[in-house]
Amino acid sequence: MATDPQLLKGTLPILLLAALESEENYGYAIVTSLQASGFPDLSEGTVYPALSRMEQLGWLDSKLRASTSGPARKYYRITGAGRDQLAQAESGWRAFTHAVDTALSQLRERPAPAAPSPRSPRETS
């Protein structure tokens with residue numbers, strides 16, 4: 001399934017915060033976790049800048065940790081402000097998706113509008 005880039009852009013922060021809610025992790029592991037969770041097209045080039053922005057906003061902290069399989073890795077963990085943001089974003093997301101679902105159902109249940117009647121030559125002049 002290809003993900004709409006605009007939808008992903010709007011939901012990526014909540015996904016990243018949720019991914020880090022229970023444990024700290026490094027960028028590549030977060031990417032692979034989100035790919036396995038239904039976002040196979042998600043790239044590191046999308047996630048790393050988002051993690052940096054979220055760190056600047058104070059939603060995440062990071063620290064370098066030595067790796068046994070290469071250079072040190074930057075591990076991210078959610079902050080108190082990040083937890084608050086996650087709660088707010090999740091509540092907003094649920095309200096938004098409920099409103100979209102409701103609107104789709106209501107719009108599809110309406111009878112189709114009647115076709116307009118042809119105009120007489122006098123009406124088009």
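The largest nonpolar core of this predicted model has 19 residues. Such a core is a set of buried Ala, Val, Leu, Ile, Met, Phe, Trp, Tyr and Cys residues joined through side-chain atoms within 4.5 Å. Buried means under 20% relative accessible area, exposed over 50%, and partly exposed in between (1.4 Å probe, protein chains only). Leu 16, Leu 17, Leu 51 and Leu 60 have the most contacts inside the core. Helix H1 (5–20), helix H2 (27–36), helix H3 (44–56) and strand S3 (70–78) each supply at least two of its residues. H1 gives the largest share, six residues. Helices (H or I, at least four residues) and strands (E, at least two) are DSSP runs, numbered from the N terminus.

Some ground rules apply. Residues are numbered from 1 along each chain as its sequence is written, and side-chain values use heavy atoms, with hydrogens and water left out. As the model is predicted, local features need pLDDT of at least 70, side-chain atom pairs count only at pLDDT 80 or more, and totals for chains, interfaces and linings use all residues.

Now look at Leu 60. Leaving aside residues up to four places away in sequence, Leu 60 touches Leu 17, Leu 20, Leu 51, Met 54, Glu 55, Tyr 76, Arg 77, Ile 78 and Thr 79. Contact here means heavy atoms within 4.5 Å.

Turn to H2. Its buried residues are Gly 27, Ala 29, Ile 30, Val 31 and Leu 34. They pack against H1, strand S1 (25–26), H3 and S3. After H2 comes Gly 38, with a positive phi near 120°.

H2 also crosses H3. Their axes come within 10 Å and cross at roughly 125°. Axes are lines fitted to C-alpha atoms, for helices over the stretch in contact, and angles run from 0 to 180 degrees between N-to-C directions. That angle makes H2 oblique to H3. Angles under 35 degrees count as roughly parallel, over 145 as roughly antiparallel, 65 to 115 as roughly perpendicular, and the rest as oblique. On the H2 side, the contact is made by Gly 27, Tyr 28, Ile 30 and Val 31; H3 brings Glu 44, Val 47, Tyr 48 and Leu 51.

H1 packs with helix H4 (residues 80–109) at about 125°, their axes 9 Å apart. Thr 11, Ile 14, Leu 17 and Ala 18 of H1 meet Gly 82, Gln 85, Leu 86, Ala 89, Glu 90 and Trp 93 of H4.

Finally, Ser 22 lies in the loop between H1 and S1. Ser 22 counts as exposed because its relative accessibility is 71%.
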